[in-house]
Amino acid sequence: MKNSTLWQSVRHIFNEIHLYAGLISGIIVIAVCLSGTIYVYNTEIRESANPELYSVEESGARKSAEELKLKLEGELESKVVGVNWNTDPESSVQFTLKKEEEKGRGTTYYVNPYTGEILGDSGVKTAASEFMGYMFSLHRWLLLDRVEEPMMESMSNRDLGRFINGVATLLFTLGVLTGIVIWFPKKVKNWRQGLKVKWNANWKRVNHDLHNTLAFYSLIFLLIMGATGPFWSFQWYREGWQKTWDTYRDPNAKVEESAKPEPLAFTPGEFTLDEVLEATDAALPYEGVYRISLPGKDNEPISVSKYRSGFFARAGADQLKINAGTLAVVEANLFSDLPMRQQVGRSVKSLHTGEIFGQFTKFIWFLACLIATSLPITGTLIWLNKKKKKPTKKRKPVARTVEMA
């Protein structure tokens, strides 16, 4: 009997925490999760809305990467500084060009690999890119970064939005954790009831079941999203994450001369983009997408990142530094060579967005984020329904007849 009373007290405390964490963060969580649900398919939405930039018709043989580079440099009188290259026969490729006196990263052009035609560039804003920009702003800063007038003297609007977002995410995570305790049935033999929705019941019961059941099935994904979200809101959280997963590097720490690695020697030389791709494939023999950064100076290497492609493609790029003079790989940082802890630590963005295993996990994250959007709504309805319960009616006294003598 004492154990039962103690359990009821503990459950009541967790229920109160769960309730107020949800009520305080509810509106923010809806905004953040709804925008996150949409942003999961950011790339796909942009490509579907603007197929003229990303899709091409397969026609004959593709031009080589070097042919396209020389053609663009001649037409635009600029220098290619970066390339996004893929082998999909129906996709465009991207070249980033920059003039010698130009500052910044340059302009990225979408190019038809069969004809060399420029399909568009990153400087042109499309309706899809504008919309997804708003979704990203809502998800990260609650659109406060778009408010021109400062709202507080102590911090910028962007920092304020980041702070509110972070607090709401922590409360949401707390709500998920306490919800586990509340979900646990009073009687162990009834645990199966918490795994299904009783669709033939009244709407209040259906709403209650949806809140509990959907949260249970998406529990692990909600916790991952909640645990990774504050990484971009709080410096202390970001450092704690990095220290936990052994990826932290103190920016103020001084490296002793004896501990410094020997500088790599790079020699200048003539090379073609196709030779760079061949050298990359020799070191990383799998299908993927390439991102090539060309050296700005003679003593700098060619930097290449290669990402796996496919429905179950694992996140995490393999990075190479290639000597421009010899086209030899002088440094290779392979994601698979990292310890498991560091793989997790460096995958914080992929874990948060659902790209950890390609399209497979993106779809799961989409569903989980959609459920997360609904939880504050169904939870609030449960709370309101409980408050509206009418008090039990008092029984009227039964009149007794008295016999007259």
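Residues are numbered from 1 along each chain as its sequence is written, and side-chain values use heavy atoms, with hydrogens and water left out. Since this is a predicted model, local features need pLDDT of at least 70 and side-chain atom pairs count only at pLDDT 80 or more, while totals for chains, interfaces and linings use all residues.

**Salt bridges**

Let's start with the charged pairs. Side chains of opposite charge can pair when their charged atoms come close. Searching the whole structure turns up 7 salt bridges, a salt bridge being a side-chain nitrogen of Lys or Arg within 4 Å of a carboxyl oxygen of Asp or Glu.

| Pair | N to O distance |
|---|---|
| Aspartate 159 and arginine 162 | 2.5 Å |
| Aspartate 209 and arginine 205 | 3.0 Å |
| Lysine 306 and aspartate 281 | 3.0 Å |

Helices and strands here are DSSP runs, numbered from the N terminus (helices are H or I, at least four residues; strands are E, at least two). Aspartate 159 and arginine 162 sit 3 residues apart in helix H6 (residues 157–183), about one turn of the helix. For exposure, buried means under 20% relative accessible area, exposed means over 50%, and partly exposed is in between (1.4 Å probe, protein chains only). Aspartate 159 is partly exposed, at 35%.

Helix H7 (residues 203–217) holds aspartate 209 and arginine 205, 4 residues apart and so separated by about one helical turn. Aspartate 209 is buried, with a relative accessible area of 6%, and arginine 205 is partly exposed, at 34%.

Lysine 306 counts as buried, at 0% relative accessibility, but aspartate 281 is partly exposed, at 31%.

**Glutamine 343**

Over in helix H11 (residues 340–346) you'll find glutamine 343. This residue counts as buried because its relative accessibility is 16%. Setting aside neighbours within four places in sequence, glutamine 343 is in contact with Phe335, Ser336 and Leu338, where contact means heavy atoms within 4.5 Å. The glutamine 343 side chain also reaches the backbone oxygen of phenylalanine 335, at 3.3 Å. From glutamine 343 to alanine 315 it's 28 residues in sequence and 9.7 Å in space, C-alpha to C-alpha.

**Nonpolar patch and annotated spans**

Trp203, Ile377, Leu381 and Leu384 make up a nonpolar patch on the surface, together showing about 360 Å² of accessible area. Patches take residues with over 30% relative accessible area and no salt bridge, joining like charges within 9 Å and nonpolar side chains (Val, Leu, Ile, Met, Phe, Trp, Tyr) within 5 Å; accessible areas come from the Shrake-Rupley method with a 1.4 Å probe, and for residues only the protein chains shown count as cover. Helix H13 (residues 358–387) gives the most to this patch, with 3 residues. Isoleucine 377 lies in helix H13 and is partly exposed, at 45%.

An unreviewed UniProt entry lists residues 20–41, 163–184, 214–234 and 363–384 as "transmembrane region"; such annotations may be inferred rather than shown by experiment. Residues 20–41 are 91% helix and 0% strand, with end C-alpha atoms 32 Å apart. Residues 363–384 are 100% helix and 0% strand, and their end C-alpha atoms lie 32 Å apart.

Definitions and conventions:
A polar contact is a pair of N or O atoms within 3.5 Å; within protein, one must be able to donate a hydrogen and the other to accept it, and residues adjacent in sequence count only if both atoms are side-chain atoms.
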